[in-house]
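Work through the exercises below with the sequence and the structure side by side. Try each task before reading its solution.

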Amino acid sequence: MSILTIKNLSKSYGKIQALDNLSLEINAGEVYGILGPNGSGKTTTLGIILGILAANTGSYQWFDGKYGPSHRKRIGAILETPNFYPYKTAEDNLKIVSHIKGSTTDNYDEVLELVNLSHRKKSPFRTYSLGMKQRLAIAATMIGEPDVIIFDEPTNGLDPQGIAEVRQTLTQIASTGKTVIMASHILDEVEKICSHVAIIKNGHLLATGSVGSILSDKVTLELQSANLDGLSSFLANIPWLEKAIRVGDKLEAQMDPTHSIAEVNKLAFEKGITLTHLVSRKQRLEEEFLEITK
Amino acid sequence: MNAMNLLSLEWKKFKNNSVFNLFGVMYLVTYPVVIFIGKELQLPAMVLDTNDFFMFPNNWQWMAYVGNWLVFFFLGFIMMNMITSEVGFKTMRQNIITGMTRKDYFLGKLYTAIAISLATTLYYIICTVAIGFFHNDPYSFANAFDEPIWIFRFFLMSMGYLSFALLIGFVIRRSGVAIFTYTCYILFIELMLKWFVHGKVVSNSSSINYWPLNAIEDLAPLPSWNKLENVPMKDIDFAFLLTPSHAMIASSIYICLFIGLAYWHFMKKDI
């Protein structure tokens, strides 16, 4: 079932084209990452599909039009920052969310427990640390048992402990089978949490698909030798290796996955090159991302 | 969402808000107190008999005139704060993201303006009747409801200020700038516009009194203006006030216009 269909969305702020003909399709159960550098149009896309920004052209549809204009009551979302009434407690803020969603069965203790905030439920929002505010925003997305949850840069501005806590909560939510849409410029986050990804830059869609399909099946080799120049010439002559580049005091090359690291070692030895370091790793999303958005 | 549901949501949002509570309490306390300052005025009786402030039925006019200033100041600020603070906290956009339609969000604020106007009109009635009752000797309600039109004029006056505050709040959005614009428009800008358009701030041309806030002010004017109008002065040849019926008609049109413009602006702008 299609959860969200975006067709040819464009949005400009004066002369700046924030989105240019963007189309996406997100299906039920996907954990969908919208990945792009800062200013690529991620938040603008979310702002439009959440009804707070008007697109210049294009259209979008939630749930195949099933819920009409009240479709956002089926969505829990944070956009940019956690937004609550600062003079109200966590519990009172969640009650306002319930009221808007028309939900009467919420268990505030349970959702606050999920984000480890139940001990501060009677404290005003303004007394919270940034990490706690972010966690309350995540709790608020769970109110009314929504079908879709949207996070925009959920770990922005958090300290390492806060990042770890928020990621753990997100992974927990993603594992419940809900559709999750997450915008982020942090590749590691998307790679760890998402099943699908769309990469955008300057408002253009550059690539989309499952994280597996976006991830190249090529293997990256890291090599080191006392004779680095000799090693470089040697690698250039192997047809199933490409892009041998120097990174610090090592060389990196991409290897066709039909070959093995042992073959490289054997050939180097036969050519009289002694390798002092040889490691293979699967190419990470970060490298793909940098490659795609170059 | 129905009207009661929207009003109950607004109450949940603002019942602990310090500006809402402070200005609300100040209004409730100041309103009946201000009229008693009149007791301290030492005016010759031929100019103004200060008993007029307290006796039926003229105290309806005086209480409406006091309300004119206080509603403009305290309740107008509360109304703007209920919009601009939500922009500042970003809860306006969050309410929409959470599931409200823009129309419902706007209606929540409009119903609040109507509810505040009804509540303050009720308070006007209670204060005026109580003050009049306790100043009759012996205590009496005689002539208390001789001029019931004042109740409607007071409600319309309150709706006029609150709908103007609604428009300023939705269009300007930033708290400080909105309060500055609202206050300056009423105190100076409209006078300046009159000067630019008519070449003077008072004129014998009747059109000069139809400016928006002038029309709303004329719903509950200083009662002494009426006395001045009866004084024949050959050098002063202009109408001080709109007639009550013209003030009511003009104000009603402006209220619809303010609400319509605020709605149109809110529906089409990014939040």
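**Exercise 1.** Does A:Trp62 count as buried or exposed, and why?

Solution. 
Before starting, note that this is a predicted model, in which local features need pLDDT of at least 70 and side-chain atom pairs count only at pLDDT 80 or more, while totals for chains, interfaces and linings use all residues. Residues are numbered from 1 along each chain as its sequence is written, and chains are lettered from A and ligands numbered from 1 in the order in which they are written.

Step 1. Recall the cut-offs: a residue is buried if 20 or more other C-beta atoms lie within 10 Å of its own, exposed if 12 or fewer, and partly exposed in between, with C-beta atoms placed from the backbone.
Step 2. A:Trp62 has 22 C-beta neighbours inside 10 Å, so A:Trp62 counts as buried.
Step 3. Locate A:Trp62 in strand 4 of chain A. Helices (H or I, at least four residues) and strands (E, at least two) are DSSP runs, numbered from the N terminus.
Step 4. List the contacts of A:Trp62, where a contact means that the C-beta atoms, placed from the backbone, lie within 7 Å. Leaving aside neighbours within four places in sequence, A:Trp62 is in contact with A:Leu4, A:Tyr67 and A:His71.
Step 5. Compare sequence and space: A:Ile49 is 13 residues from A:Trp62 in sequence, and their C-alpha atoms are 8.4 Å apart.

**Exercise 2.** Which strands stand at the edges of the six-stranded sheet of chain A?

Solution. 
Step 1. This open sheet has the strand order 5-6-7-3-8-9, with mixed pairing.
Step 2. Strand 5 (75-77) and strand 9 (204-210) of chain A are the edge strands; each has a single partner strand, so one side of each is left without a neighbour in the sheet.
Step 3. From one strand to the next, the twist averages 15 degrees.
Step 4. Strand 5 of chain A pairs with strand 6 (residues 148-152) of chain A in the parallel sense over three bridges. In this pair, A:Val148 of strand 6 is the bridge partner of A:Ile75.

**Exercise 3.** How many helices and strands are there in chain A, and how many in chain B?

Solution. 
Step 1. Chain A has 10 helices and 13 strands.
Step 2. Chain B has 10 helices and zero strands.
Step 3. Turn to burial: 40% of the 294 residues of chain A count as buried, and for the 271 residues of chain B the figure is 37%.

**Exercise 4.** How many residues does each chain give to the contact between chain A and chain B?

Solution. 
Step 1. Chain A gives 24 residues and chain B gives 20 residues.
Step 2. On the side of chain A, helix 2 (residues 90-101) supplies the largest share, six residues.
Step 3. Sort the residues on the side of chain A: 14 are nonpolar, five polar and five charged. Here Ala, Val, Leu, Ile, Met, Phe, Trp, Tyr, Cys and Pro count as nonpolar, Asp, Glu, Lys and Arg as charged, and the others, Gly among them, as polar.

Note on methods: Contact = placed C-beta atoms within 7 Å. Pairing = 2+ DSSP bridges. Axes fitted to C-alpha atoms, helices over the stretch in contact; angles between N-to-C directions.
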